[in-house]
Amino acid sequence: MPKVIAVSNQKGGVGKTTTSVNLSVGLAMRGYKVLLIDTDYQASCTVALGINMEYDNRSIYAALVDLAPIQDCIISSGRKNLDLIPSTQHLVGAEIELVTVTNREFILTEKLEVIKPLYDFIIIDCPPSLGIVPVNSLVAADSVLIPLQCEYFGLEGLEMLLDTIKIIQKRLKPELYVEGILMTMYDEESDLSRKMIALMRSNFGDDVFDTFIPRDSDFIDSTASQIPVIASKKSNSPGLQAYHRLILELLEKYNLKKRKVS
Ligand code: ADP
Ligand code: MG
């Protein structure tokens, strides 16, 4: 069965989508079968992968509200080993449409059961909000990866997310765990960046990934080129190298490093 990882933080602009996309593409490049699920109605993953079509009837929205079986909502990303369930702006409506459904927190969990055997990893990119759809993502996940900006205000939202995770563990899914806190947008010139990493490590210990992601303008360029940094030809890009290190750190944790070749 695959590892299902939700990439979540209730704050926007912290690197959730960048992490989801680069992690998914990087794992797929190593030969793992990966499904990336875009659950942000802004559909940033879909755009980051260079897919510019409207998928109204084949999207996470369609799957959640039973417009289509989830297996019909999977599209090819155009990259080997990487599939995508895209998002559309209709997803906003799901918040209202699902309110009356019984066991509404478990809709995604149930739907994923059918497609789980097809993948090694399922990565869920979450929106910066908390509603039925994000709660579904957290409940469906084995673990939560939390990107956190190396800035003072980066801590905003972390406490809220950790409280949410505790509530989900208590009421809906006791096995949910924190995969790790990933420090993003690290600026080596900045004292604050260094202090933030030290502060997080002293407070959260091993829950903070050894790898941190540097601030790198290549990420901004990749939005325009629609080629994820990890798949770019700039092998000396600090951002590219950092996401490769993150993947190795994850695989090592799962003891999978030697299993696959790409
Ligand atoms: P979120 O999904 O949390 O809202 P994004 O991944 O979309 O955040 O990132 C927000 C913006 O910051 C995007 O324009 C992205 O290209 C940029 N970005 C992400 N990570 C980095 C980084 N390490 N260095 C520089 N810019 C980054
Ligand atoms: Mg995003």
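Colleague: How do the residues of the shell around ligand 1 divide into nonpolar, polar and charged?

Modeller: This is a predicted model, in which local features need pLDDT of at least 70, side-chain atom pairs count only at pLDDT 80 or more, and totals for chains, interfaces and linings use all residues. Residues are numbered from 1 along each chain as its sequence is written, while chains are lettered from A and ligands numbered from 1 in the order in which they are written. Ala, Val, Leu, Ile, Met, Phe, Trp, Tyr, Cys and Pro count as nonpolar, Asp, Glu, Lys and Arg as charged, and the others, Gly among them, as polar. On that basis the shell divides into six nonpolar, nine polar and three charged.

Colleague: Which elements give two or more residues to that shell?

Modeller: Helices (H or I, at least four residues) and strands (E, at least two) are DSSP runs, numbered from the N terminus. A residue is near the ligand if its C-beta atom, placed from the backbone, lies within 6 Å of it. Ligand 1 is surrounded by 18 residues, and the closest are Gly15, Lys16, Thr17, Thr18 and Phe219. The elements that give two or more are α1 (16-29) and α9 (217-225).

Colleague: Which strands stand at the edges of the sheet?

Modeller: Two strands pair if DSSP finds at least two bridges between them. Seven strands form an open sheet with mixed pairing, in the order β3-β4-β2-β5-β1-β6-β7. Each edge strand has a single partner, so one of its sides is left without a neighbour; these strands are β3 (75-79) and β7 (177-184).

Colleague: In β5, which residue is the bridge partner of Val4, and which is that of Leu35?

Modeller: β5 pairs in the parallel sense over five bridges with β1 (residues 3-7), and likewise with β2 (residues 34-38). For Val4 the partner is Ile122. For Leu35 the partner is Ile122.

Colleague: Are the residues of β5 buried or exposed?

Modeller: A residue is buried if 20 or more other C-beta atoms lie within 10 Å of its own, exposed if 12 or fewer, and partly exposed in between, with C-beta atoms placed from the backbone. Phe121, Ile123 and Asp125 point one way, Ile122 and Ile124 the other way, and all are buried.

Colleague: Is α5 roughly parallel or oblique to α6?

Modeller: Axes are lines fitted to C-alpha atoms, for helices over the stretch in contact, and angles run from 0 to 180 degrees between N-to-C directions. Angles under 35 degrees count as roughly parallel, over 145 as roughly antiparallel, 65 to 115 as roughly perpendicular and the rest as oblique. α5 (residues 107-115) and α6 (residues 132-140) pack at about 50 degrees, with their axes 7 Å apart. Therefore α5 is to α6 oblique.
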